[in-house]
Each structure stands twice: as structure tokens, then as C-alpha cells.
Amino acid sequence: MTKLQMVDLKGQYARIKDEVDAAIRDVIDSTAFINGPQVKEFSSHLASYCGVKHVIPCGNGTDALQIALMALDLQAGDEVIVPAFTYVASAEVIGLLGYTPVMVDVDYASFNVTAAHLRKALSPRTRAIIPVHLFGQSCDMEPIMSFAREYGLYVIEDNAQAIGADYTFGNGEKKKTGTIGHIGCTSFFPSKNLGCYGDGGALMTNDDELAVKLRMIANHGQQVKYHHSVLGCNSRLDTLQAAILDVKLKYLDAYGTARYRAAQYYTEQLNGIEGLVTPEEMPYSTHVYHQYTLKVLNGKRDALKNFLAEDGIPAMIYYPLPLQEQEAFKPVTRSAEALDTAAELASSVLSLPIDTEITHEQQDRVIRRIRAFYTKG
């Protein structure tokens, strides 16, 4: 029996092995390992795919968030609103730069922050918002952008988990996640929907002036070599990773379709099990299912996870401790409201294996085990 994994990167590589190997060989033959032509080519292709003017590649998704904040000229103590239920990076960079992360609750159905939550966090020191498109679908961006315009706030989209997803505005216009706010940030960590074979990330924007500044910051604050206009950092996507990503970008929509089909199969088979809540899809967003995340009610999440593990079935908890309970954030954050939903989700979410290669046969094994858990008395 093939070992079931959360993400089958080896199986995905096998399907595109010849293309990836050829792309890697081209880079090695050229020896242009840093800022080779493949970096510009991939950036251009990703910009075209997303429908955005500028893509600035960088070293990883966390760097992307940090560079985005550095470009906004915020002052020490300025506040940036961030959801309490998300990966640490979204809030970590705020505190690291001397700003104040202000944590807000999230919507129970979508896992995402809403404009209503943001409004509760507003203060005279609020300067920016980081909405996180969690698990593969967009936050409701139209009211979020309206709120941001009303109060003159920057919006940095954390799009590490939803690249390829479409957001639909009230007038029917569609935009890719990551292209709606002032800056979008993404990660190319290997397990992401568009993942490389190491670390990588990117920023995107339609603002020409911001694009210039983002590029400078990612390159030691320089446009001309050895002439440093601002304090920056050294964060770049290496040529090998760009070449791999350029191959995989051609398959991103197909990858999204495969994940969606797998998610629908899980939902069809698991709906109706009392005490189990399957993911809900929001009408304003497509879902690319970076994760397929259940809510396990009645305090049974850990027992179900252990029951699956006994049969060799992996499952992951994203995220077991909400940010407001993390020791690192207690001295530097402000909470604008009770974060009850974030706490509830942290104690109930469980993500099942899902990727581009998973088969119904593999899913059936997971489904049978879950059903067995709920029928064993």
C-alpha cells in the first residue's frame, strides 16, 4: 500500500520531471545562479497570469510580508491589523519592525477576517491591514477595500495559501487574490499550490512607485549597485527555483482543479456526519484548497487525529494555538475584541491529506476511517 502523505510532492514531480529537469539543466549550464534570465521570465509570466503590473520575487513569503511593510514608511508604534487565526509570519513581521500587531477575530464559516472585524480594531494609530486568504479562498475583499479607503489604510494581502483563486466583486468583475490590495505577498514553499523545491516568495502590486521601492528594499535598498537609497535587506529568488516555478506555473490552474475535485469528493462523502463540519465555500471566491480543513466538534478533534494516525493516515492541525495565546506576542500586541472564534477554531480544526495527485482510492481510505471513528461508539 502506498504511504499516504499530506502532500505528494514526489508524485507531482514525476508528472513534470522531464520539463523540470531540463529547466534545471539550463540554469546549471549557464551558471547564472543569481538573477539569471529565468527570474525575470518567471516574474513576467506570473504577472501576466495574475493580471498585475509588477511581480517582485524574493527569498520567501515571510520576507515578502516584511518588505511590504518596510515600503510603507510606518512609524514605531503604528498599528497593523491582522487576524488572530493564521500562521505566525503574518503577525511576526509587524512586531519585528517595531509596529503593533492588532489582532482581530475571524469568520467561523470562512476562517477569514471580515470588514466588520477590522472596524472593531480601528484606532488613531491604525495604518495598515493584513487580510490572510486562509486555506485557499479569498477574504471578502470588496468591503475590506472600502473600509481601507474610508480611513486611508494600506492593505497587504497575505496570499501564501490562495494563489490562483479568483475574487468576484459585486459588479461581476473578477480579480486574482493578491492583486486587490496595495501589495500582495505569496510564498513558494514546496507544499504550496505553486511551490518550488526550496524557499521562495514574491510581492505583487499595480502601484509603480511602490514597485520601485519594493525592488530596492529587497536588494539592499539600491537601484544602482553600491548606491543605497533606503535601508533594505537581501532577499531574492534564486534562478534554479525561478526556473522550476516557471514550469509549474503552466499547471497551476490544473493543480487547482485537481485539488477542488478532491475536496468535493471529501465533502460529498463526509457531509451528514454529526459532529463534523466540512469546509464552506464563499459565493465571492473560488477555492483552490491549499488545505481541506474540517471542524471537529464536541472536543473530539485530537481523538480523531490519533485514530487516523493509528491507521497510518496523516492529518494536520493548522493552527493549534491562536496568535493571541502565543508567548512572543503577549508583550507587543493589542486585541480589539474577544477572539472567541479564533480560540474555537484552534481547538477544532483538522486538515486532511489533499494535493494534486491524491486519488479517490486514497481518499476512500481516509473517509472509511473517519466513518469508523464516528460509528465505533
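Where is the place of Asn35? Asn35 lies in the loop between H2 and H3, and Thr31 is found in that loop between H2 and helix H3 (37–50) as well. This is a predicted model, in which local features need pLDDT of at least 70 and side-chain atom pairs count only at pLDDT 80 or more, while totals for chains, interfaces and linings use all residues. Residues are numbered from 1 along each chain as its sequence is written, and side-chain values use heavy atoms, with hydrogens and water left out. Helices (H or I, at least four residues) and strands (E, at least two) are DSSP runs, numbered from the N terminus.

**Backbone geometry**

- Most residues other than glycine have a negative phi, and most peptide bonds are trans.
- Thr31 has a positive phi of about 60° although it is not a glycine; with a relative accessible area of 53%, Thr31 is exposed (exposed means over 50% relative accessible area, buried under 20% and partly exposed in between, with a 1.4 Å probe and protein chains only).
- Asn35, likewise not a glycine, has a positive phi of about 55°, and its relative accessible area of 56% makes Asn35 exposed.
- The peptide bond from Tyr318 to Tyr319 is cis, with omega near 15°; Tyr319 is placed in the loop between helix H11 (301–310) and strand E14 (334–335).

**Helix H2 against helix H9**

- The axes of helix H2 (residues 17–30) and helix H9 (residues 239–249) come within 9 Å and cross at roughly 150°; axes are lines fitted to C-alpha atoms, for helices over the stretch in contact, and angles run from 0 to 180 degrees between N-to-C directions.
- H2 is therefore roughly antiparallel to H9 (angles over 145 degrees count as roughly antiparallel, under 35 as roughly parallel, 65 to 115 as roughly perpendicular and the rest as oblique).
- H2 passes H9 in a right-handed crossing, a term used if the near helix is turned clockwise from the far one by less than a right angle, with anticlockwise giving a left-handed crossing.
- On the H2 side the contact is made by Glu19, Val20, Ala23, Ile24, Val27 and Ile28, and on the H9 side by Thr239, Leu240, Ala243, Ile244 and Val247; contact means heavy atoms within 4.5 Å.
- The residues of this contact between H2 and H9 divide into nine nonpolar, one polar and one charged (Ala, Val, Leu, Ile, Met, Phe, Trp, Tyr, Cys and Pro count as nonpolar, Asp, Glu, Lys and Arg as charged, and the others, Gly among them, as polar).

**Helix H4 against helix H5**

- H4 and helix H5 (residues 89–96) have axes 9 Å apart and pack at an angle of about 40°, so H4 is oblique to H5.
- The crossing of H4 past H5 is right-handed.
- Thr62, Leu65, Gln66 and Leu69 of H4 make the contact with Ala89, Ser90, Glu92, Val93, Ile94 and Leu96 of H5; by class, this contact of H4 with H5 has six nonpolar, three polar and one charged residues.

- H10 passes H13 in a right-handed crossing.
- Ala262, Tyr265, Tyr266, Gln269 and Leu270 in H10 meet His360, Gln363, Asp364, Val366, Ile367, Ile370 and Arg371 in H13; the contact of H10 with H13 has seven nonpolar, three polar and two charged residues.
- Arg371 is in helix H13 (residues 360–375) and counts as partly exposed at 36% relative accessibility.
- Leaving aside neighbours within four places in sequence, Arg371 is in contact with Gln269 and Ile273; Arg371 and Gln269 are 102 residues apart in sequence and 9.5 Å apart in space, C-alpha to C-alpha.

**Buried face of helix H7**

- Met141, Ile144, Met145, Phe147 and Ala148 are buried in helix H7 (residues 141–151).
- Seen down the axis of H7, its buried residues fall within an arc of 160°, so they line one face of the helix; the arc is that of the directions from the helix axis to the C-beta atoms.
- These buried residues of H7 pack against helix H6 (115–121), strand E4 (126–129), strand E5 (154–158) and strand E6 (166–168).

**Gly77**

- Gly77 is found in the loop between helix H4 (61–70) and strand E2 (79–83) and is partly exposed, with a relative accessible area of 24%.
- Apart from its neighbours within four places in sequence, Gly77 is in contact with Gly98, Tyr99, Thr100 and Arg125.
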